[in-house]
Every structure is written in C-alpha cells, then in structure tokens.
Amino acid sequence: MLWRDGALLPGTTAPLDHTDRGLTLGDGLFDTALALGGRVAFEDAHIARLVASADTLGIPADAERIRGAMRALAGQGERLAIRTTLTRGSGPRGLKPPDAPNPTLFATAAVSTRAASFAPLRLWPTAIARNDTSPASRLKTLGYGDAVLAAREAAAAGCDEALFRNTRGRVACAGTGNLFALLGTTLVTPPLGDGVLAGIVRAEVLGLAAGCGLRAEERSLGLPDLLGAEAVFLTNSLRLLAPVTAIGDTALASDGHPAVGRLKAALRARAAQSCGVTEDAVA
C-alpha cells in the first residue's frame, strides 16, 4: 500500500521524476514505524525526529502532512510497518541543493509479524567503519550503502545484523538499530556523538530503565565491553528489543537475563499504551 500526494494507492508503484535528488544522490530521509490496531506507535516522536532531521538538511517538512500519511496507512491493517520517505525533490545537475526545493513525500505500508518483536539475534562485527565525523551518521538518510554491504557480510557469516564501530574503534550501532550493554546494574548505550541515530525505541528504553532497577548511561563502549557484558540487546521500531545471543563467535546469555525480561515487559506495555491495544497485540 502506498500513500502519495494525499491519496492511498494499491501496490507500491507510482510515477517519480528521475531527476529527484533522493534517487540520484540519496538526498533525503526516511522513517520506519510500527502501527498496531490502526495507530502508529510513538507517533509524535517519529514525526518530530523526521521534521528535525529535515531541518538539519534544509528540506522543508510539514509535520501534519507526514502525520496524515502515516495515519492513512496505519488504518489499512492490524499490524503494519510504515516507511515514510522525504526527499529534497527534483533539481538540476550537480550537488548544490536548489534554492527553493520542492520536496517529495511518500509512504508505504507492509505487513509486520509479531514474531519479529523481541526475537533474539546474532551480530557480526564488520570492519566497515561508521563515519562519526559526518552529521549524516546521526540522521536516517537514504544513503545506506555501507549498511547494505555490511548486511550481506553478516548474512554470509551466519548472523542477522552487522555491528558497526566508528572511525575511532568505538561501538556505534547495528545496521538497523541501537545497541545497549548491561554492565552490572548499569545500562549503557553509545552517545549520539559516536555516530549514532537517536532511535525512537532507544529513547523509550532509556526512560524505562529506572523503573526496571537499572541506571541508564550514555557513554562510549569498546567491542570488549560488549563481549564481556552480562547482556546486550538491539532496539528499533519493528524489533522493539532484540536480545543479542552472540557477537561473532562469542555467545551471550542475553535472552534469559532477568533485567532484559523486565525491560521487554515494560516496553511491551508502553507500545500497547501508545497504540491503545492490549499487550498481547504487541508480541
């Protein structure tokens, strides 16, 4: 299902100007959200991040138009993954953005499965570095070439996701999510300055930590910190909270850790509250 220019269309095909900078230069942004029972989980946070990111790039973004697109698609099924894409629109040849951009906004919806939420996964430490010196590393831009290559590498190694370190060797993130390490009663996640996206579920987990008996902290981590942690997990809007059972050849007991269990339960309740559904509908 596709939303384009205020209308819902069957399928995902619609005309696109082939000089659109999102297509030719990756000059744009996207957002992925979970919709349950006709409502977008953490809707305001998703819209605010997309609008703020667009402002950073100098792309005009209308929050209410974005909200309308998301809501129109959310009403088309009980459990959907909604991807909203905003580009700078078409422009002349060259890198310099047009002085008066005419942005392109569209959104798509696909069925999302309950099995994807809270499912454990394995991480592969890729040698591809996350460029923490770039402002784009903290935005959900359309330039995902490194993540695509790392995903192929991880799959070849029998893993589900790639683990990225930055140019200084510090842990940054996974290919499609934020990372957390449990060190005693302290829950640590890398700071945004290490080349990290301000994940929507990342923010939720940081807010839930104290109620689960944990002290949340944003600070840099090395790969040895993750390998020696009591538990490691990934967060994103569709997986929600995914315990990491291995990093490369190192097995981790994340899935059965009681603190991870408490966080999963708290996040399940928050997602259900956000969408006005029962907790069973989340996972």
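## Pocket, cavity and sheet

Strand E3, helix H2, strand E7 (121-130), helix H4 (145-156), strand E9 (171-174), helix H5 (200-208) and strand E13 (231-236) each contribute at least two residues to the lining of the largest pocket; helices (H or I, at least four residues) and strands (E, at least two) are DSSP runs numbered from the N terminus. The model is predicted, so to speak of local features requires pLDDT of at least 70 and side-chain atom pairs count only at pLDDT 80 or more, whereas totals for chains, interfaces and linings use all residues. Residues are numbered from 1 along each chain as its sequence is written, and side-chain values rest on heavy atoms, without hydrogens or water.

The pocket lining comprises 34 residues, and those nearest its centre are Arg 130, Leu 139, Tyr 144, Gly 175 and Leu 197. On a 1 Å grid over the protein atoms alone, a pocket is an open set of points with protein on both sides within 12 Å along at least five of seven lines, a cavity is a set where a 1.4 Å probe fits but cannot get out, and lining residues have an atom within 4 Å of a point. The whole structure holds 1 cavity of 30 Å³ or more, and the table sets out both spaces (volume being the space filled by probe spheres set on grid points joined across faces, edges and corners).

| Space | Volume | Lining by class |
|---|---|---|
| Largest pocket | about 630 Å³ | 13 nonpolar, 16 polar and 5 charged residues |
| Largest cavity | about 50 Å³ | 3 nonpolar, 1 polar and 3 charged residues |

Here Ala, Val, Leu, Ile, Met, Phe, Trp, Tyr, Cys and Pro count as nonpolar, Asp, Glu, Lys and Arg as charged, and the others, Gly among them, as polar.

Around the largest cavity stand Leu 29, Phe 30, Asp 31, Arg 49, Leu 50, Ser 53 and Lys 140, with strand E3 (28-36) and helix H2 (43-57) each supplying at least two of the lining residues. Two of these residues, Asp 31 and Arg 49, form a salt bridge (a side-chain nitrogen of Lys or Arg within 4 Å of a carboxyl oxygen of Asp or Glu) whose closest N and O atoms are 3.0 Å apart. Because Asp 31 belongs to strand E3 and Arg 49 to helix H2, the pair ties together parts that are 18 residues apart in sequence. The structure has 19 salt bridges by this rule.

Strand E3 also takes part in an open sheet of 6 strands, ordered E2-E1-E6-E5-E3-E4 with antiparallel pairing, where pairing requires at least two DSSP bridges. Its edge strands, E2 (7-9) and E4 (39-40), each pair on one side only. Strand E1 (residues 2-4) pairs with strand E6 (residues 104-111) in the antiparallel sense over 3 bridges, and Arg 4 stands opposite Phe 106 in E6.
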